[in-house]
Amino acid sequence: MTPPTPLARPVPLGRRSVLALALTSLVGVAGFGWPLLASTRSALVGHSADAPWLFALLLPLLLAVVVAQISEGRTAGGGAPGLDAKSVALLGVLAAAGAALRPLGAGTAGLEPMFFLMVLSGRVLGPGFGFVLGALSMFASALLTGGVGPWLPFQMLAMGWVCLGAGLLPGPARLRGRRELALLAAYGAVASLLYGVVMNLQGWPYIAGLASSISFVPGDPVSENLVRFAVYCLTTSLGWDLPRAALTVVLCLTLGTPVLRALRRATRRAAFAAPVAFRPPPSGYPSDRATD
């Protein structure tokens with residue numbers, strides 16, 4: 001009896017996919033961090049002006065990730081496939097589920113149940129699939145809840161990074177049971193906190209009327225502004241980020257096992273990595289010519 005092969009991922013990472021993800025992340029880092037490099041004379045007026053441009057860049061970059069997966073699947077030569085119809089269907093189902101989970105928290109104390117599903121999905125289905133899933137889920141939830149605004153492309157990027165990180169966690173094929181749940185819960189807590197920090201960065205430089213100890217000062221050294229930013233996060237948003245992290249930990253530990261099992265079963269039954277092979281008919285089987 002041969003040992004079972006590691007569970008295939010619908011969107012394995014190849015060179016083109018890594019390049020597309022790296023380029024998308026670089027654009028995201030620039031979008032989040034450029035105000036820190038603004039000069040004293042800069043007139044920062046919020047993301048109402050640059051968010052449409054970032055969104056216009058983000059969509060083709062996400063499409064580039066998908067195209068890279070498709071092209072890698074076609075040139076895999078019998079290896080793991082890229083993005084195909086089955087993985088696209090799974091992507092749509094999970095994105096819809098994530099979009100439906102997000103409003104359940106109703107914005108109360110930062111509670112967002114979708115985080116645990118994004119973490120578990122990224123774990124099972126891989127970093128490439130996870131990044132696209134996170135961005136698409138946030139986009140769908142914004143359409144569902146009417147939360148479309150200058151912050152949307154930043155939310156899409158941040159959630160994509162959350163899922164990407166979950167897909168990069170160690171031991172995807174061997175680590176199981178309580179150890180895996182503990183790993184996912186710990187990562188979910190850290191990712192939930194970092195998500196809040198990153199989203200604070202996209203709005204903090206534009207908030208006027210703050211105390212001098214926590215306000216952004218254009219032209220000041222980056223190190224000094226980062227100290228003010230850390231104080232700002234601790235004094236304003238930590239009360240929202242901690243409940244989000246706590247809820248993610250609780251859901252990962254309580255619902256993690258059945259959700260992981262369901263995701264892995266769905267991936268197994270879909271046979272994403274099953275190669276297509278054509279065999280000649282057995283001897284004695286009538287040919288088309290013989291039946292004419």
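Read from the N terminus, the elements of the protein follow the order α-α-α-α-α-α-α-α-α. The secondary structure of this predicted model thus amounts to nine helices and zero strands.

Of the contacts between residues at least 6 apart in sequence, 80% join residues at least 24 apart. Of the 292 residues in the protein, 45% are buried, a class that comprises residues under 20% relative accessible area. The accessible surface of the protein is about 15,200 Å², and carbon and sulfur atoms account for 68% of that surface.

Attention may now turn to one pair of helices, α4 and α6. Helix α4 spans residues 114-125 and helix α6 spans residues 152-167. The two pack with their axes 6 Å apart, at an angle of about 45 degrees. Because of this angle, α4 is oblique to α6; angles from 65 to 115 degrees would instead count as roughly perpendicular, and those under 35 degrees as roughly parallel. The crossing of α4 past α6 is right-handed.

Which residues in α4 meet α6? On the α4 side they are M114, F115, M118, V119, G122 and R123, and their counterparts in α6 are M159, V162, C163, A166 and G167. By class, the residues of this contact comprise eight nonpolar, two polar and one charged. Glycine counts as polar in this division, and G122 in α4 and G167 in α6 both belong to the contact. Arginine counts as charged, and R123 in α4 is among the contact residues.

Technical notes: Residues numbered from 1 in each chain as written. Predicted model: local features only at pLDDT ≥ 70, side-chain atom pairs only at ≥ 80, totals over all residues. Heavy atoms only, no water. Axes fitted to C-alpha atoms, helices over the stretch in contact; angles between N-to-C directions. Helix = DSSP H or I, 4+ residues; strand = E, 2+ residues; numbered from the N terminus. Parallel < 35°, antiparallel > 145°, perpendicular 65-115°, else oblique. Left-handed = near helix turned anticlockwise from the far one by under 90°. Contact = heavy atoms within 4.5 Å. Buried < 20%, exposed > 50% of the residue type's maximum accessible area, 1.4 Å probe, protein only. Areas by Shrake-Rupley, 256 points an atom, 1.4 Å probe, with all protein chains shown as cover.
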